[in-house]
Structures are given as C-alpha cells and as structure tokens.
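Hello,

Here is the structure we talked about. Please open it and follow along with the notes below.

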Amino acid sequence: MAWSLHITDATAGELMAASLDTYEAAARAVSELEWTLARSARFEPLSTLAATCADITRDATAVQLSTARWLLDL
Amino acid sequence: MTAGFHTSAAGDAPAPGGRRELHWEATGEGPPVLLIMGLGLSGGAWWRTVPVLARHFRVITFDNRGVGRSHSLTYSFTTEAMADDAATVLDAAGIGEAHVYGISLGGMVAQQLALRHPERVSSLVLGATHGGGRRAVPPGDEVVDFFRRRLTLPQEEATWASVPYNYGPACRRRHAGRIAEDVAQRLAHPFPAGAYRAQLYAARLHNCLSRLSRVKAPTMIVHGRHDRLIPVKNAYLMAERMPQARLEILAQSGHLYPTEQPEVDDRIAAFMADPVPAHARR
C-alpha cells in the first residue's frame with residue numbers, strides 16, 4: 001500500500017510539473033508573438049502596446065510559475 | 001568602466017520588444033564569454049575579472065536593467081526577464097553561443113538563461129548563488145535586517161556597512177586595500193533605489209532548483225565557504241541537482257570571492273577553455 005501510494009505521489013508530482021512546463025511554454029509562445037508584433041508594427045501606440053503586453057505576459061507568468069513551484073516544491 | 005583594461009566594442013542592445021536599452025561592452029578576442037553581475041551593480045563591477053578572462057576570450061559585460069547605463073520603463077523585474085535581456089545583449093554583440101558566468105543575482109539570471117535559451121550557453125559558471133525555491137538556505141536574520149535597512153542609509157555609509165556581509169574574515173584582515181578599491185568602484189556607480197528593490201524582489205522570486213537537472217551545458221559552481229548572504233549550503237544543493245557540475249568551494253572567501261581570492265578567475269578561465277575535459281568525453 002505504502003509503495004503504491006509513493007508511486008501515485010510521484011506521478012502526481014510529475015503531472016503537476018509537466019502542467020506547469022506546458023503553461024510556461026504556452027506563455028512564452030504568446031509573449032514571443034507579442035514581441036514580434038511590437039517589432040514589426042510600424043506605428044504607435046500599437047508597437048508600445050504589444051511590447052508592454054509581452055513584458056506583462058512574461059513577467060506575470062514568471063511570478064505565477066515561481067510561486068506555484070515554490071508552493072508545490074517542484 | 002573602471003580603468004585597467006581596454007574596451008574594444010560597446011553598444012546599447014534593445015531589450016525584447018525594443019522598449020528598453022541595455023548597455024554592453026566587449027573586451028578581448030576569442031570565444032565569447034558573457035558576464036552577468038549581481039544585485040545593484042553595473043557591468044563595470046567585473047573590473048577584476050575582465051582582464052583575466054580577456055587574455056583568452058571576448059568578454060561581454062552589460063548593465064542589468066535599471067542599473068548603470070541601462071534603462072527600464074518599469075521596475076517589474078524577474079530573473080526570467082533579466083535572462084531574456086542577457087540573450088538580447090548576445091544578439092546585439094553578434095554572438096550565438098557564449099560561456100556564461102553569473103555571480104549572486106547574476107548567477108540566478110545565468111540559470112534562467114541556460115533553461116530558457118539553452119542554445120546560447122556553451123558552458124555555465126554559477127558564482128555565489130542559489131537555485132531558489134523552498135529548499136534554498138536563507139541568510140541569517142541579521143543579514144536580512146541589514147539589507148532591509150540598507151536603502152535607508154546614505155550610499156557611502158551603506159556601502160561600507162555592507163563590508164562585513166560581503167567579505168569573509170580573512171579578506172577583511174589581510175586585504176583591506178582591495179575592499180577599499182571595490183567600495184570606490186561602487187560609489188562611482190551608484191544605483192537607483194527602485195532598481196535595487198526590484199532586483200531584490202527578482203532574487204526572492206527566483207526558483208530554478210528543481211529544474212537545474214535539465215541544464216545541459218557543462219557547469220562549474222563556485223562559492224565562498226564564509227558567504228553570509230547566500231550560505232554555502234546552497235552550492236551543495238545545486239551540485240546535488242547537477243551531478244556533472246564541477247564544485248569549487250573557496251575556503252577563505254565570503255560572498256565577493258573575486259576580490260577575496262582573485263586567483264579563482266584563472267581556474268574559471270581554464271574551465272571555460274576546456275569545460276568537458278578529455279578524460280570525461282565519451
């Protein structure tokens with residue numbers, strides 16, 4: 001019983017870690033897209049707006065992920 | 001940058017999105033090395049290390065966002081964001097892949113760079129840093145109290161008051177002149193309190209320990225045994241997660257070991273020149 005519980009815990013931890021990794025990858029893809037838009041936009045305020053969104057996406061995600069990993073000890 | 005070596009190139013790199021300028025400088029010729037400085041200090045604070053590494057490498061230093069000649073529109077900092085900044089400095093310097101050496105907060109940024117942009121890191125040196133997360137060993141209460149109070153003190157008083165926290169007892173006894181040189185360098189490049197707070201926040205949020213095993217680049221971990229800011233146990237914790245890493249504990253040093261035991265820069269240069277020794281290659 002203890003052995004199977006241990007396996008279950010490990011699997012849950014791995015699943016949570018994988019979920020956080022997927023979320024991180026998705027957020028990075030979104031912020032990359034926003035930066036590409038910021039660099040290619042030829043007029044303001046679209047460029048500034050896209051760059052600000054990209055920064056917020058990355059930094060807010062970083063804070064969320066760091067907190068989640070800290071709480072879950074991952 | 002402080003006198004003592006010749007800067008061969010310099011520029012301002014646009015941070016991701018182009019809303020921020022990051023000042024960088026290059027010295028020497030050879031395979032590229034990117035140096036990432038710690039809390040509140042500009043790239044010029046690498047003035048002891050650059051001449052040693054520049055004998056063999058093209059050494060890139062830069063001012064982290066909000067510090068020195070780099071500007072920031074906001075004080076929202078994370079080590080992830082600072083790692084992306086470092087990658088854009090490499091872009092601006094025309095470098096694809098570099099040896100990356102970060103100290104203290106710079107070591108945390110270097111970890112993020114190796115995780116977020118692994119293709120940019122040919123080897124990694126983590127100096128006086130920690131992997132973050134719940135298992136990181138915090139400094140003692142006295143140290144935490146001091147760094148909270150530090151911003152309320154005048155710059156010169158704060159710089160001198162931080163000496164017992166930054167340097168080990170041996171250096172304070174034997175190399176007061178070196179410490180005075182460091183203090184003079186720091187006072188010549190004061191930092192804005194907002195950027196300092198934001199970088200402190202980034203360091204608190206940093207959390208890479210559980211993912212360090214994913215770092216593929218050959219790694220060297222360097223730490224002073226008497227480090228009061230980031231206790232040496234953190235170096236052992238990181239080494240546990242990175243079994244391939246080379247661990248060098250400096251018996252006579254505190255946090256700022258490049259001042260206390262500058263000879264370590266030669267060993268770091270040797271590591272970068274041959275990060276995977278022939279006997280370890282398959």
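In chain B, B:Thr79, B:Glu80, B:Met82, B:Ala83, B:Asp84, B:Ala86 and B:Ala87 of α2(B) meet B:Met108, B:Val109, B:Gln112, B:Leu113 and B:Arg116 of α3(B). By class, this contact has seven nonpolar, two polar and three charged residues. Ala, Val, Leu, Ile, Met, Phe, Trp, Tyr, Cys and Pro count as nonpolar, Asp, Glu, Lys and Arg as charged, and the others, Gly among them, as polar. Contact means that the C-beta atoms of two residues, placed from the backbone, lie within 7 Å. The axes of α2(B) and α3(B) come within 8 Å and cross at roughly 70°. Axes are lines fitted to C-alpha atoms, for helices over the stretch in contact, with angles from 0 to 180 degrees between N-to-C directions. The two helices are therefore roughly perpendicular (65 to 115 degrees).

**Ground rules**

This is a predicted model: local features need pLDDT of at least 70, side-chain atom pairs count only at pLDDT 80 or more, and totals for chains, interfaces and linings use all residues. Residues are numbered from 1 along each chain as its sequence is written, while chains are lettered from A and ligands numbered from 1 in the order in which they are written. Helices (H or I, at least four residues) and strands (E, at least two) are DSSP runs, numbered from the N terminus.

**Helix α9(B)**

Helix α9 of chain B covers residues 193-205. Its 13 residues should span 18 Å at 1.5 Å a residue, and its end C-alpha atoms are 18 Å apart, which agrees. The expected span is 1.5 Å times one less than the number of residues. Which residues of α9(B) are buried? They are B:Ala195, B:Ala198, B:Gln199, B:Ala202, B:Ala203 and B:Leu205. Buried means 20 or more other C-beta atoms within 10 Å of a residue's own, exposed means 12 or fewer, and partly exposed is in between. Seen down the axis, the buried residues of α9(B) fall within an arc of 165°, so they line one face of the helix. The arc is that of the directions from the helix axis to the C-beta atoms. Their cover includes α2 (46-72) of chain A, with α2 and α3 of chain B.

**Two loop residues**

B:Ile230 lies in the loop between β7 and α10 of chain B. B:Ile230 is buried, with 26 other C-beta atoms within 10 Å. B:Arg69 sits in the loop between β4 and α2 of chain B. B:Arg69 has 17 such neighbours and counts as partly exposed.

Best wishes

Definitions and conventions: Parallel < 35°, antiparallel > 145°, perpendicular 65-115°, else oblique.
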